[in-house]
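Colleague: I would like to learn how to read sheets and interfaces in a model such as this one. Could you take me through it?

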Amino acid sequence: MSAHPTTNRFIDNATEALADPQLQRAMTNVRSGFIDKRAAVAAKLPEFEALRDSARDIKNHALAHLDLYLERYEANVTAAGGHVHWARTAEEARKIILGICHEAGAKTVTKGKSMISEEIALNAALDAAGIVPVETDLGEYIIQLRDEAPSHIIAPAVHLNATQVESDFRRVHTHLDADRDLSEPVQLLTEARQVLRSKFLAADVGITGANFLVAETGSSIIVTNEGNGDLTQTLPKTHIVIASLEKIVPTLEDVSQILRVLARSATGQEMSVYTTFSTGPRRATDLDGPENYHVVILDNGRSSMLGTAFQDMLRCIRCGACMNHCPVYHAVGGHAYGWVYPGPMGAVLTPTLLGVDKAGHLPNASTFCGRCESVCPVRIPLPKMMRHWREHEFERHLSPATMRSGIKFWAFFAKRPALYRFATNLMMNVMGWMGRDTGRFTSLPLASGWTDYRDFPAPQGGTFQSRYQAQRQSTPNNGRAA
Amino acid sequence: MSAREEILSTIRRSLGVTGQEKPRLDTVTERLANAPRGLTVARGQLPHEGQVALFKEQAEATLSSVVDVASYQDVPAAVADYLRQNNLPAQLRIGSDPRMADLDWGKTAIELSHGPSDGNDLAGLNHAFAGVAETGTLVMTASADNPTTINFLPDHALVVVSAKDITGDYETMWSNLRAQYGKGQMPRVVNWVTGPSRSGDIEQVILLGAHGPRRVHIMVVKD
């Protein structure tokens, strides 16, 4: 799916998603789970808000010195016996990884969860080269069986219900007893553990992503709860890390600050179960671990985001809090966004990676409620950047003609305040009179986008401006609350 | 131009720098040399006894089990207790860490296997480099003494941590690690382990025992 984005079909995707009962049932798990857990764990740590500032500052510092930290990082990986490869594009990254796999004589490759792997559509490339990729994160394994893309950056199968997983396991795991009981989620987990254990032991190459790259030591870091990433990188002879270049942090102390807000923001845990710092291949005296250690650093347009209005997006540590708290994401799920990155962070990042002409709808999928920014552990001003994209889209005449003429129509009045006040007052009175019996409209001309899904309330009382004016005059202190 | 040069030069052009500016170079060199600790989290800033107690409390909160062991000589008996209580065979995979391999295991009925795990062990024992009180996190370092596979493949991960190696926060642990391995030097792998393996990938319900150990049992050896 990642190779063929459907970002420009967002409106159709969203409409379908709203009518999908399985999806709507599964999405209640997002609405109820993540939000409460994050709030509870943040409340337990008095320094949580200050740590968010600290995490933001560290990432800003790293981005401002990115060239120098990347050079130090590379030197330290090399000193530890590892290899660093640089990829400008997704295609270059795929080529490098296939080259390493061929050199290792790889037939099967196990994979830890990596969004960069999704971004570069690595599995399709491995398949095409006759190498079998095996996703090992439970959620990724499930969606690989279904030939789907992840619908969430940390919970890839969050759009599914247990009964759907059960039928996939029965369809694929045909070597197991057909009458086995899979009615409990724990039975599904146990079955996946058994099936994947043999794959871990048989793989020739293990590919993981990286949550962070530490310049000081040349270490790559993965954070997981399952331990699949560790088995992926420990058991095969070759470990390949694929990471985008903004994952760099200066020191172990810096990454420790950020780790304190990562799991809390993501899953509501104080710390994820496994945080693994890997530095180079197996040492002379080691008895296990990979003999070859490669890091592929991917740019794919990120270096050009520096120094622009979108630089702050490179602070993102991929916790998923923005989508967990997004009413649009809750309503339509991750697949509607049509590519690898959903939710608010996807609405900002996807247009930079695919182009605003292909993904211009995504920044429009926001109510600007601001919850994403209020929970972002590195304080990325996501709504502001979505507004930037809307401006770009408008300036480049990419938005639909009806929207453009609507905005122009509104602008005509907005630039003439007296006319605006007169016209809105008139509309209020006319609509108030027309809707005086029911108090609502079930259809309105030019507003079917609203009234198809819910009634439009009939206006009551004066306009906002007239009421604001009245309040200013009747209270001291210019109408501001004391 | 190679991909490396082109990426670095795009970064420099975007940032409006050449990469040769002395103040930038000095800033980076100083940051890497000094590794400032950043914001201190008050939770772990306790007398050492309090840190040990907090470590145990936090580890239990992440569903590890924790017992106190008076001295290293008592470790074999504590392991035997755990295996018996969990109806496990008296078999144990360990590395060559002298703090554990040299103990008198003959007093127990436990049959030891040495070296890395091949995935067929029910129980394995490693020695932690440290424990971090703040979140009840074990810090494991890879070596022949404590092979990484023992942390991940057996169903039951048994871990010895010396009480004196328990720190209040991650930063103090990193200082201790640098003191032992050298500045900028890392063991091949440092594993932070905070509880048994788990997954919430099916309907967001947390289930233990995804791919790694189903149980983590920590033995805190007093000084």
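Modeller: Gladly; let us start with one pair of residues. A:Gly206 has A:His239 in E7(A) as its bridge partner. Strands and helices here are DSSP runs numbered from the N terminus, with at least two residues (E) for a strand and at least four (H or I) for a helix. Before going on, note that this is a predicted model, where local features need pLDDT of at least 70 and side-chain atom pairs count only at pLDDT 80 or more, while totals for chains, interfaces and linings use all residues. Residues are numbered from 1 along each chain as its sequence is written, chains are lettered from A in the order in which they are written, and side-chain values use heavy atoms, leaving out hydrogens and water.

Colleague: How many bridges join E4 to E7 in chain A, and in which sense do the strands run?

Modeller: Two strands pair if DSSP finds at least two bridges between them. Here, strand E4 (residues 205–208) and strand E7 (residues 238–244) of chain A run parallel and are joined by four bridges. Both belong to an open sheet of six strands in chain A, ordered E1-E10-E7-E4-E2-E3 with parallel pairing. Strands E1 (83–87) and E3 (132–135) of chain A each have a single partner strand, so they stand at the edges with one side lacking a neighbour in the sheet. From one strand to the next, the twist averages 25°.

Colleague: What packs on that sheet?

Modeller: For packing, look for contact, meaning heavy atoms within 4.5 Å. Helix H5 (residues 90–103) of chain A touches E1, E2, E4, E7 and E10 of chain A. Its direction makes about 145° with that of E1(A); axes are lines fitted to C-alpha atoms, for helices over the stretch in contact, and angles run from 0 to 180 degrees between N-to-C directions.

Colleague: Which strands form the sheet that has members from chain A and chain B?

Modeller: Its order is E8(A)-E5(A)-E6(A)-E9(A)-E9(B)-E6(B)-E5(B)-E8(B), an open sheet of eight strands with mixed pairing. Strand E8 (248–249) of chain A and strand E8 (166–167) of chain B each have a single partner strand, so they form the edges, with one side left without a neighbour in the sheet. Where the chains join, E9 (residues 274–278) of chain A pairs with E9(B) in the antiparallel sense over five bridges, and B:Val189 is the bridge partner of A:Ser278. Within chain A, E6 (residues 219–224) and E9(A) also run antiparallel, joined by five bridges.

Colleague: How much area is buried between chain B and chain A?

Modeller: The size of an interface is often given as the accessible area lost when the parts come together. Between chain B and chain A, about 7,500 Å² is buried, 57% of it from carbon and sulfur atoms; the value is the accessible area (1.4 Å probe) lost on being put together, summed over both parts. In residues, 81 of chain B are in contact with 101 of chain A.

Colleague: And how many salt bridges cross the interface of chain B and chain A?

Modeller: Side chains of opposite charge can pair when their charged atoms come close. The rule asks for a side-chain nitrogen of Lys or Arg within 4 Å of a carboxyl oxygen of Asp or Glu, and finds 15 across the interface of chain B and chain A. One of them joins A:Arg193 to B:Asp155 (2.9 Å, N to O).

Conventions
Buried area is the accessible area (1.4 Å probe) that two parts lose on being put together, summed over both.
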